[in-house]
Amino acid sequence: MILYFAYGSCMHEKDFQDSVSVFERWGKAILKDRKIAFTHWSGRRDEPTGVADIVKLDGHDVEGILYAIEESYLPRLRNREGYPYVYSEEHVSLIYKGKMIDNVLTYSVVNKSKQEYIPSEEYARLILEGGKEELSETYLKELHDHITWLRNGHGIRKI
């Protein structure tokens, strides 16, 4: 089994099942000293969108979902993430149920833009719905507010 930390659209179970059909959803986990940013433009979805990334930022946390997946699904997950060209694999330590867990797989954007791209309505919905049962209300509100801020002219939209 591989432990995988999802912080973007993979938090949405139905969307995640399109790539990894068998998994154990363990629940909320916290990645310290990182922040969500939308640093890559993706045309791989039905509607082009800015997609989530984790960037280093001391004093901030990223909440996400910890999954256990069979190693046989790793090629499908890699394909979903555009590995190794769009996202790179990273092994991180995170907090799950108050304990530190090491060597957890996650993905981060390879060529991060200096500006953020606006996530599509659908992509934002997948992230916010995917975390609504387990992530903290405070974190979800901050994420929602950040997406709204981008939509109000603070991000760029690639055409």
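**Charges.** I counted 22 positive and 26 negative side chains in the chain of this predicted model. Lys and Arg count as positive, Asp and Glu as negative; His and the chain ends are not counted. The centres of the two sets lie 2 Å apart. I placed each charge at NZ of Lys, CZ of Arg, CG of Asp or CD of Glu.

**Ground rules.** The model is predicted, with local features needing pLDDT of at least 70 and side-chain atom pairs pLDDT 80 or more, while totals for chains, interfaces and linings use all residues. Residues are numbered from 1 along each chain as its sequence is written, and side-chain values use heavy atoms, with hydrogens and water left out.

**Fold.** I found four helices and five strands. Their order along the sequence is β-α-β-β-α-β-β-α-α. Helices (H or I, at least four residues) and strands (E, at least two) are DSSP runs, numbered from the N terminus.

**Size.** The C-alpha atoms fill a box of roughly 40 × 30 × 25 Å along the principal axes. The radius of gyration is 15 Å, which agrees with the value near 15 Å for a compact globule of 159 residues. That radius is taken over C-alpha atoms, and the globule rule is 2.2 Å times the number of residues to the power 0.38.

Buried residues make up 48% of the 159. Buried means under 20% relative accessible area, exposed over 50%, partly exposed in between (1.4 Å probe, protein chains only). I then took contacts (heavy atoms within 4.5 Å). Of those between residues at least 6 apart in sequence, 74% join residues at least 24 apart.

**T49.** I looked up T49 in strand β3, residues 49–69. T49 counts as buried because its relative accessibility is 0%. Its side chain reaches the backbone nitrogen of S120 at 2.6 Å. Beyond neighbours within four places in sequence, T49 contacts H40, W41, S42, I118, P119, S120 and Y123.

**Y83 and P84.** A cis peptide bond joins Y83 and P84, with omega about 5°. P84 sits in the loop between α2 (74–81) and β4 (87–96).

**Positive phi.** K97 is not a glycine, yet its phi is positive, near 50°. K97 lies in the loop between β4 and β5 (99–109). K97 counts as exposed because its relative accessibility is 69%. N103, also not a glycine, has a positive phi of about 60°. N103 is placed in strand β5. At 55% relative accessibility, N103 counts as exposed.

Conventions: A polar contact is a pair of N or O atoms within 3.5 Å; within protein, one must be able to donate a hydrogen and the other to accept it, and residues adjacent in sequence count only if both atoms are side-chain atoms.
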